[in-house]
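Welcome, and please take a moment to look over the structure below. We will walk through it together, one group of residues at a time.

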Amino acid sequence: MSEMQAKIEKLRKQLLYHAKKYYVEDAPEISDFEYDRMYAELLRLEGEHPEFFDPESPTQRVGGKALDKFEKVTHTVQMNSLSDVFSFEELEEFLLRVEQSVKGASYSVEPKIDGLSVSLRYENGVFVQGATRGDGFVGEDVTQNLRTVFSLPMQLPEPLNLTVRGEVYMPRMVFERLNLAREAEGQALLANPRNAAAGSLRQLDPAVAAARGLDIFIFNLQEGSLYLDGHAAASHTETLDRLAALGFPVLEERGLLNGYEAIVSHIQKLGGLRDSLAYDIDGVVIKIDDIETRKLLGEGTNTPKWAVAYKFPPEQKETRLEDVTVAVGRTGVLTPTAVLSPVRLAGTTVSRATLHNLEFIRERDIRIGDIVTVQKAGDIIPEVVKSHPELRGENTRLFEMPERCPSCGEPVFYDADEGAATRCTNSACPAQLSRGIEHFASKDAMNIDGLGPQIVEALLKNHLIKDAADLYSLSASQIADMERMGEKSAQNLIDAIERSKSAGLERLIYALGIRNVGEVAAAALAAEFGTLENCMKATAQELCAIRDFGQITAECVVNFFSHEQNINLCQRLIDAGLLTEAIQKPADDFFAGLTFVLTGTLPTMTRDEAAALIKNAGGKVSGSVSSKTSFVVAGEAAGSKLTKAQALGVKVIDEETLLAMIEKQSAEA
């Protein structure tokens, strides 16, 4: 070995050692500055001496070539999901069923990490491939992104051939730092660590995934044999102990238990630890420890018969309602927001929560100064559940909606037709203007990257724009001197604005912010009328003829296009060169003849996004459940539609199943 090769190898070993101390053991021995200096030195030497390239080098774990798409991976062992139980009574029923076949079984009881499941394949001890779960049979190849997870060993101390299963997650501290950085840059905040981890692992550019600080726990051996003290590991506990000895990160907060009472006690203990853990958990997994017993019980269609997941109910916390502020939305609705004493809830620190409207506040007798219970709807949106009058002190007071708009000072009115909404009467209200432009630029609308709330405020403050159409006459030189900008950022923003011109009619209609017109209605308008000009001329009668288009929505569209300022806005957008025609997208037809109903809060996308996927696959999306409904896609807090589906015997699926159906059909097409 040459002197240079030896120097490179020494640096690699040092960096791997210190990376393990930092990422795995949480016991760094050197400063970040010193680590970065060593890393930069290795990067320089490897660049100068490509003949010493090593795919296992630390420099190969933080990036790589960006992909055009993820390749498909067929799992050699099906990646099943688990059956869920939501109460201790349901858990006891599961244990009794097992007891009928197996007496006195022992169970491994361990936290259920709220992340993204992956399989990891090793050949001769070297990590060669990682894939997402997908539909359990076929997933996506995310090997490059998994290489950026520093706690995951790239090479084992023994030349073993095995496949393990793990859960990729984003540590809470990393999530909070990431959101602080996004807030400072005017970007939309990430909803929760689980969504952040899933989005990060599915980045086509591994450098982006590397910057997200993902971590992983290994919780199962899928394929291969592990020997412990000369014999094959006979239990799940032995398997995890052996995997830990090989360098895999495994959960320590697990117990080997017998009997209902001991299992419930451990679940309650883990529930009490949720706030102190460095990662989010959404439940507890209970699985038979003995591997031969698992084989005896066997597998169901999609879930094993030897394990269940106990799901925690929505986490609720009590805190004090310090004040109520009022924000003005893009349609002029005044929304009261609770200002709370900060409390840790479902993965984030919550200091604000929606109060919806004055009627909501009065029905629940919520007063400023009260102790209130808060939770996250769908583990995403903080909301006040109830107040506690029995804890009420003398200094509490009733909240009153302001008589004048807090943004422009104009009178407000109570709009009983819009769900007890209080609305500003001034269509030129600055708050409405700001929110409207933010909506116009949002990802699901014109998707103008970099045009966040702070940049919009700055553009308005500097009198560079007064509506969305003005965006298309901006130049980089005009905005380069604004705070948070600069020549490069200014040019990037101008480029993003220019790209948005080709977004198409469907996105443009949605971007206009017409009341009651979401993504689904916008798509229906674009498909029916073809051009913006035709939409502007449409009558209420013509609009009502569109499938799933009601009278109220039709009137909102007609009303929007009847105002001179909106007509002028649309004409200026046309003159600016925006594509105002519908983009003909080739649609698959594997959902042809199927009708879907969406209800509740989906974990990773809006209902409009899910509807768009269904329609693009040839399916129909309906707003009501009937005997002709093919599937109901249910999310968190699903209501009467779910109840009706169960009564009619309509098949109910979740978001993951819907995506798996689409992915499987696409692969076969």
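Let us begin with Lys 295 and Glu 292, which are both exposed; exposed means over 50% relative accessible area, buried under 20%, and partly exposed in between, with a 1.4 Å probe and protein chains only. Before going on, note that this is a predicted model, in which local features need pLDDT of at least 70 and side-chain atom pairs count only at pLDDT 80 or more, while totals for chains, interfaces and linings use all residues. Residues are numbered from 1 along each chain as its sequence is written, and side-chain values use heavy atoms, leaving out hydrogens and water.

Lys 295 and Glu 292 also form a salt bridge, with their closest N and O atoms 3.4 Å apart. A salt bridge here is a side-chain nitrogen of Lys or Arg within 4 Å of a carboxyl oxygen of Asp or Glu. Why are these two separated by about one helical turn? Because they sit three residues apart in helix 10 (residues 291-297); helices are DSSP runs of H or I with at least four residues, strands are runs of E with at least two, and both are numbered from the N terminus.

The structure holds 26 salt bridges. Another one joins the side chains of Glu 9 and Arg 12, at 2.9 Å from N to O. These residues are three apart in helix 1 (residues 3-23), so about one helical turn separates them. Glu 9 is partly exposed, at 22% relative accessible area, whereas Arg 12 is buried, at 3%.

Asp 365 and Arg 392 form a salt bridge as well, with the closest N and O atoms 3.2 Å apart. Asp 365 belongs to the loop between helix 11 and strand 17 (371-377), and Arg 392 to the loop between strand 18 (381-387) and strand 19 (412-415), so the pair ties together parts that are 27 residues apart in sequence. Asp 365 is partly exposed, with 27% relative accessibility.

Next come the aromatic rings. Searching the whole structure gives eleven aromatic pairs; rings of Phe, Tyr and Trp (its six-membered ring) pair if their centres lie within 6.5 Å, and planes under 30 degrees apart count as stacked, over 60 as edge-to-face and the rest as tilted. Tyr 122 and Phe 127 make a tilted pair, because their ring centres are 5.5 Å apart and their planes are at 55°. Tyr 122 is buried, at 1% relative accessible area, and Phe 127 is buried too, at 1%. Tyr 122 also pairs with Phe 248: their centres are 5.3 Å apart and their planes at 90°, so this pair is edge-to-face. Since Tyr 122 lies in strand 4 (residues 116-123) and Phe 248 in the loop between helix 8 (236-245) and strand 11 (255-257), the pair ties together parts that are 126 residues apart in sequence. Phe 88, Tyr 310 and Phe 312 form one aromatic cluster.

Finally, look at the backbone. Most residues other than glycine have a negative phi. His 356, however, has a positive phi of about 65°, and its place is the loop between strand 16 (348-354) and helix 11 (358-363). His 463 also has a positive phi, near 60°, in the loop between helix 13 (453-461) and helix 14 (476-479). His 356 is partly exposed, at 35% relative accessibility, while His 463 is exposed, at 71%.
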